[in-house]
Amino acid sequence: MSDDYSCTARNETPLERADRNFAELLQELRVTQTGVQILFAFLLSLAFTPRFPSLDAVQRGTYVTTLLLAVAAAALFTAPAALHRSLFQQRAKPLIVHVSSRLAAIGLGVLMLALTGAVLLVVDVTAGRAEGLAAGAGALVVCVGLWGVLPRLVRRSAQRVEAATDPALPDITPVPGRGGAPRSSRRERSR
């Protein structure tokens with residue numbers, strides 16, 4: 001959906017749209033920040049358990065990497081607030097929204113790796129290396145599926161519904177075997 005369509009459909013100005021988008025982004029970040037904080041606290045506490053000194057080199061490496069990924073995710077998810085604060089009343093709200101959205105997307109990628117590392121470490125320590133690798137891979141696949149593939153499928157479905165219900169939009173579908181090159185549908189060819 002284009003920015004112009006969104007503004008006119010909601011009867012809002014571009015600045016009102018930026019305000020709304022930033023508020024929605026902050027709400028999303030509140031949810032993810034809580035998860036990152038819990039993960040980070042869990043990882044910090046592991047270093048002070050009696051069993052921690054018995055970890056092998058791979059487990060220690062996984063621990064340190066996962067801890068640093070959790071820190072990076074926390075930093076990425078809190079960066080929009082710092083960005084907003086530093087650019088407050090500078091008439092930069094649309095830019096803040098754009099950059100903050102990118103930071104949040106990168107943060108989700110880093111969080112995905114941190115969750116994978118945490119699952120890998122815990123299952124490796126409790127059940128064994130092969131099981132840990134399998135569980136870590138499973139966690140990664142679930143996150144990629146829910147955070148990457150599912151949104152693309154939903155977006156595609158929404159675009160199909162929108163194209164089917166709005167006769168003003170051209171109906172362009174990919175041609176199988178031609179690298180996804182668009183072609184007009186029968187509806188377009190009959191006009």
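The chain folds into 6 helices and 2 strands, where helices (H or I, at least four residues) and strands (E, at least two) are DSSP runs numbered from the N terminus. Followed along the sequence, these elements give the pattern α-α-α-α-α-β-β-α. The model is a predicted one, in which local features need pLDDT of at least 70 and side-chain atom pairs count only at pLDDT 80 or more, while totals for chains, interfaces and linings use all residues. Residues are numbered from 1 along each chain as its sequence is written, and side-chain values use heavy atoms, with hydrogens and water left out.

**The chain as a whole**

Of its 191 residues, 30% count as buried, a word that here means under 20% relative accessible area, with exposed meaning over 50% and partly exposed in between (1.4 Å probe, protein chains only). The chain exposes about 12,500 Å², of which carbon and sulfur atoms supply 64%; such areas come from the Shrake-Rupley method with a 1.4 Å probe, and for residues only the protein chains shown count as cover. Among contacts (heavy atoms within 4.5 Å) with a separation of 6 or more, residues 24 or more positions apart account for 58%.

**Helix 5**

Helix 5, residues 129-165, has 37 residues and reaches 52 Å from its first C-alpha to its last, close to the 54 Å expected at 1.5 Å a residue, the expected span being 1.5 Å times one less than the number of residues. At G145 this helix bends by about 35°, the bend being the angle between axes fitted to the seven residues ending there and the seven starting there. The buried residues of helix 5 include G132, G136, A139 and C143.

**Aromatic rings**

A search of the whole structure finds 1 aromatic pair. The ring centres of F52 and Y63 are 5.0 Å apart and their planes stand at 70°, so the pair is edge-to-face; rings of Phe, Tyr and Trp (its six-membered ring) pair if their centres lie within 6.5 Å, and planes under 30 degrees apart count as stacked, over 60 as edge-to-face and the rest as tilted. Because F52 lies in the loop between helix 2 (14-46) and helix 3 (57-86) and Y63 in helix 3, the pair ties together parts that are 11 residues apart in sequence. Both F52 and Y63 are buried.

**The loop between helix 3 and helix 4**

Q89 lies in the loop between helix 3 and helix 4 (93-127), and R91 is also placed between helix 3 and helix 4.

| Residue | Phi | Relative accessible area |
|---|---|---|
| Q89 | near 60° | 67%, exposed |
| R91 | near 60° | 86%, exposed |
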